[in-house]
Amino acid sequence: MKRQTMTLLASLVLAPTLAFAADSATADFTPAQQQAIGKIAADYMLQHPEILVQVSQKLQAQQADQQQQQTLSAVLANAKALVNDPATPSYGPKDAKVAFVEFFDYQCLYCSHMAPLVEQTVKANPNVRFVFKEWPIFGDRWKASISAAETGMAIWKEKGAQAYFDYHNSIYRTGHDEGKLTDADIAGAVKAAKATAPTDAQRKATHEAIASNDELARTLGFSGTPGFVVMPTSGATAENTTVLPGAVSAEDLQAAIVKAQGGK
């Protein structure tokens, strides 16, 4: 009896619900005994709240792993939209075997922190194609998120990869995120890219592509920026594709590229 009770207590600690009937360990107990054991378990956990913390941490880890697997499946199902969208700015060889995709907002604090690491990674990997998915999720709060995204997309269409990359990095070098980016900052980045400020018509022409990025990001399960996907441009699988939701280290970025190249 004591051993069966401890088995049931363990199941209570680890299970996400109190579904006693579904647990094989409860089969040897009457309903009255199950109720009594449940009270013992509840009293024990109240006396040892650290167990509840452990349960919460375990559930969070399980949920995060499940979300990661769902996102990975969605990435593989939407590989073409990630790596071969002609409306999306990219930098690097068109015939690259690996694509490095970033979803970002110019006003995102974490994107700003990641920008130098991404630039470093670009320079260290000239054979990789870097794909920049403009996703101005803070546009409702800060208009500059949308203005900067529209300007970048227009520069990409008018001047190409190098001009876009110069503009992109110039925006982040201002260090102005979380509402601090100004029209003057954007104009300075346009000048650094040796481009011209887009017209209203050119801005409007970017809206469909930006909306597509938003839809794709939500389909993948990203809840914020930055979001990174690193995968082969063909033959992507769960084993050679990496999804990094959020800020990570330069080593993590490089490891994802090596993995996509067939390394470990």
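Me: Let's start with V98. Which residue is its bridge partner in β3?
Reply: That's V128. Keep in mind that this is a predicted model.

Me: And how does the chain get from β2 to β3?
Reply: Through α5, in a right-handed β-α-β crossover.

Me: In what sense do those two strands pair, parallel or antiparallel?
Reply: Parallel, with seven bridges between β2 (residues 98-104) and β3 (residues 128-134). On the β4 side, β2 pairs in the antiparallel sense, over six bridges.

Me: What about F100, who are its partners?
Reply: F130 is the bridge partner of F100 in β3, and V230 is its bridge partner in β4.

Me: Is β2 buried or exposed?
Reply: Mostly covered: seven of its seven residues are buried. V98, F100, E102 and F104 point one way, while A99, V101 and F103 point the other way.

Me: OK, zoom out. What's the strand order in the sheet?
Reply: β1-β3-β2-β4-β5, an open sheet with mixed pairing. The edges are β1 (90-91) and β5 (242-245); each has a single partner strand, so one side of each has no neighbour in the sheet.

Me: Which strands does α11 touch?
Reply: Helix α11 (residues 250-260) packs on the sheet and touches β2, β3, β4 (227-232) and β5. Its direction makes about 25 degrees with that of β4.

Me: Switching to cores. How many residues are in the largest nonpolar one?
Reply: It has 36 residues, and F100, Y106 and Y167 have the most contacts inside it. Elements that each supply at least two residues include β2, α5 (109-124), α6 (143-159) and α8 (183-192).

Me: Which element gives the largest share?
Reply: α7, with six residues.

Me: You mentioned Y106. What is it in contact with, leaving aside neighbours within four places in sequence?
Reply: Quite a list for Y106: E134, A148, A149, Y164, Y167, H168, I171, Y172, H176, D177 and L181.

Me: Last bit, whole-chain numbers. How many helices and strands, and what percentage is buried?
Reply: There are eleven helices and five strands, and 44% of the 264 residues count as buried. The accessible surface is about 14100 Å², with 55% of that belonging to carbon and sulfur atoms.

Me: And what share of the contacts join residues at least 24 apart?
Reply: 74%, counted among contacts between residues at least 6 apart in sequence.

Conventions. Residues are numbered from 1 along each chain as its sequence is written. This is a predicted model: local features need pLDDT of at least 70, side-chain atom pairs count only at pLDDT 80 or more; totals for chains, interfaces and linings use all residues. Side-chain values use heavy atoms; hydrogens and water are left out. Helices (H or I, at least four residues) and strands (E, at least two) are DSSP runs, numbered from the N terminus. Buried means under 20% relative accessible area, exposed over 50%, partly exposed in between (1.4 Å probe, protein chains only). Contact means heavy atoms within 4.5 Å. Accessible areas come from the Shrake-Rupley method with a 1.4 Å probe; for residues, only the protein chains shown count as cover. Two strands pair if DSSP finds at least two bridges between them. Axes are lines fitted to C-alpha atoms, for helices over the stretch in contact, and angles run from 0 to 180 degrees between N-to-C directions. A nonpolar core is a set of buried Ala, Val, Leu, Ile, Met, Phe, Trp, Tyr and Cys residues joined through side-chain atoms within 4.5 Å. A crossover is right-handed if, with the strands pointing away from the viewer, the path from the first strand over the helix to the second runs clockwise.
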